[in-house]
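Please look at the sequence and the model below.

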Amino acid sequence: MTFELRPIGHVESALADLDDAPKQADEGAPDAWLVLDPALREAAADIAPGDELVVITWLHESDRDVLVVHPRSDPSRPPTGVFSTRSPARPNPLGLHTVRVLAVDGTRIHVDALEAVDGTPVVDLKPTLSSRR
């Protein structure tokens with residue numbers, strides 16, 4: 001069985017290189033923009049500043065063949081299966097990012113701390129359970 005995902009947009013970020021990206025948003029990730037496909041304007045019409053979203057990304061630069069990692073790339077930590085870590089290297093490299101919306105400009109959504117690099121495809125947006133309408 002296969003699945004087809006199509007991006008709904010991409011990330012615009014000052015983070016240009018994986019080596020410069022923090023491992024988690026609270027470790028110094030910059031604000032970023034989610035740039036959505038203009039055809040999806042209606043789907044994003046109710047997103048407003050202050051909303052908390054889960055951004056689902058496709059970590060397109062990740063290694064999909066890695067099954068075991070040292071957590072946080074720390075060789076002093078024991079090898080661990082990727083399904084027990086937040087490693088971006090995994091069979092289906094989906095990224096989950098909780099962000100707060102700072103501003104909305106048409107199909108451009110300005111969000112706080114996002115650790116995804118510039119150009120990362122955005123697959124979906126969902127409100128957090130605490131901010132559902």
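A nonpolar core is a set of buried Ala, Val, Leu, Ile, Met, Phe, Trp, Tyr and Cys residues joined through side-chain atoms within 4.5 Å; buried means under 20% relative accessible area, exposed over 50% and partly exposed in between, with a 1.4 Å probe and protein chains only. This is a predicted model, in which local features need pLDDT of at least 70 and side-chain atom pairs count only at pLDDT 80 or more, while totals for chains, interfaces and linings use all residues. Residues are numbered from 1 along each chain as its sequence is written, and side-chain values use heavy atoms, with hydrogens and water left out.

The largest nonpolar core has 17 residues, and Leu-34, Ile-109, Leu-114 and Leu-125 have the most contacts inside it. At least two residues of this core come from each of S2, S3 (52-58), S6 (94-105), S7 and S8 (121-127); strands are DSSP runs (E, at least two residues), numbered from the N terminus, and helices are runs of H or I of at least four. S2 supplies the largest share, three residues.

Strand S2 spans residues 32-36, and four of its five residues are buried. S2 pairs with S1 (residues 9-12) in the antiparallel sense over four bridges, where pairing requires at least two DSSP bridges between the strands. In this pair, Gly-9 stands opposite Leu-36. S2 also runs antiparallel to S7 (residues 108-111), joined by four bridges, and here Leu-34 stands opposite Ile-109.

Beyond its neighbours within four places in sequence, Leu-125 is in contact (heavy atoms within 4.5 Å) with residues including Leu-34, Leu-36 and Ile-109.

Asp-51 lies in the loop between S2 and S3. Asp-51 counts as buried because its relative accessibility is 15%.
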